[in-house]
Amino acid sequence: MFDCTTQQRIGELLDNVGEIYWEVDSGYHITFSNSLLEKFFGPPAGKTCHEYMCGSDAVCPGCPISKVLAGSPRARSERMKVAID
């Protein structure tokens, strides 16, 4: 993980190019997010990523974070969150 100054700078750079950025710890808790994530989805407020994005108590099927925790050097995922009123 990055120090706070580096996190802020990365978050700002990615905000400026329209990319969402977040960091998640080994317990799947969101430890940092840029303002673009919060603009679209609201503040994560210490939730796990699966609670925040899917409203679920369970880790998502095919979770890229699980792949990294299992030893993969990196993983990327694109998902869509749809709100139905």
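Modeller: This is a predicted model. The secondary structure of the protein chain comes to 4 helices and 2 strands.

Colleague: What pattern does the chain follow along the sequence?
Modeller: The pattern reads α-β-β-α-α-α. The radius of gyration is 13 Å, close to the 12 Å that the globule rule gives for 85 residues, so the chain is as compact as a globular protein of that length.

Colleague: And what box do the C-alpha atoms fill?
Modeller: Roughly 40 × 30 × 20 Å, taken along the principal axes.

Colleague: How much of the chain counts as buried?
Modeller: Of the 85 residues, 26% count as buried.

Colleague: Let's turn to the strands. Which way do E1 and E2 run, parallel or antiparallel?
Modeller: Strands E1 and E2 run antiparallel, and 3 bridges join them. E1 covers residues 22-24, while E2 covers residues 30-33.

Colleague: How many residues lie between E1 and E2?
Modeller: There are 5 residues between them, and the two strands form a hairpin. In the turn, Tyr 28 has a positive phi of about 70 degrees.

Colleague: Which residue stands opposite Glu 23?
Modeller: That is Phe 32 in E2. The side chain of Glu 23 also makes a polar contact with the side chain of Tyr 21, at 2.6 Å.

Colleague: Where is Tyr 21 placed?
Modeller: Tyr 21 is in the loop between helix H1, residues 4-16, and strand E1.

Colleague: Is Tyr 21 buried or exposed?
Modeller: Tyr 21 has a relative accessible area of 14%. Buried means under 20%, so Tyr 21 is buried.

Colleague: How far is Tyr 21 from Ile 10?
Modeller: Their C-alpha atoms are separated by 8.2 Å, and the two residues are 11 apart along the chain.

Colleague: How do the lining residues divide into nonpolar, polar and charged?
Modeller: The lining of the largest pocket has 21 nonpolar residues, 2 polar and 8 charged.

Notes: Residues numbered from 1 in each chain as written. Predicted model: local features only at pLDDT ≥ 70, side-chain atom pairs only at ≥ 80, totals over all residues. Heavy atoms only, no water. Buried < 20%, exposed > 50% of the residue type's maximum accessible area, 1.4 Å probe, protein only. Polar contact = N/O pair within 3.5 Å; in protein donor to acceptor, adjacent residues only side chain to side chain. Pairing = 2+ DSSP bridges. Nonpolar A, V, L, I, M, F, W, Y, C, P; charged D, E, K, R; others polar. Rg over C-alpha atoms; globule rule 2.2 N^0.38 Å.
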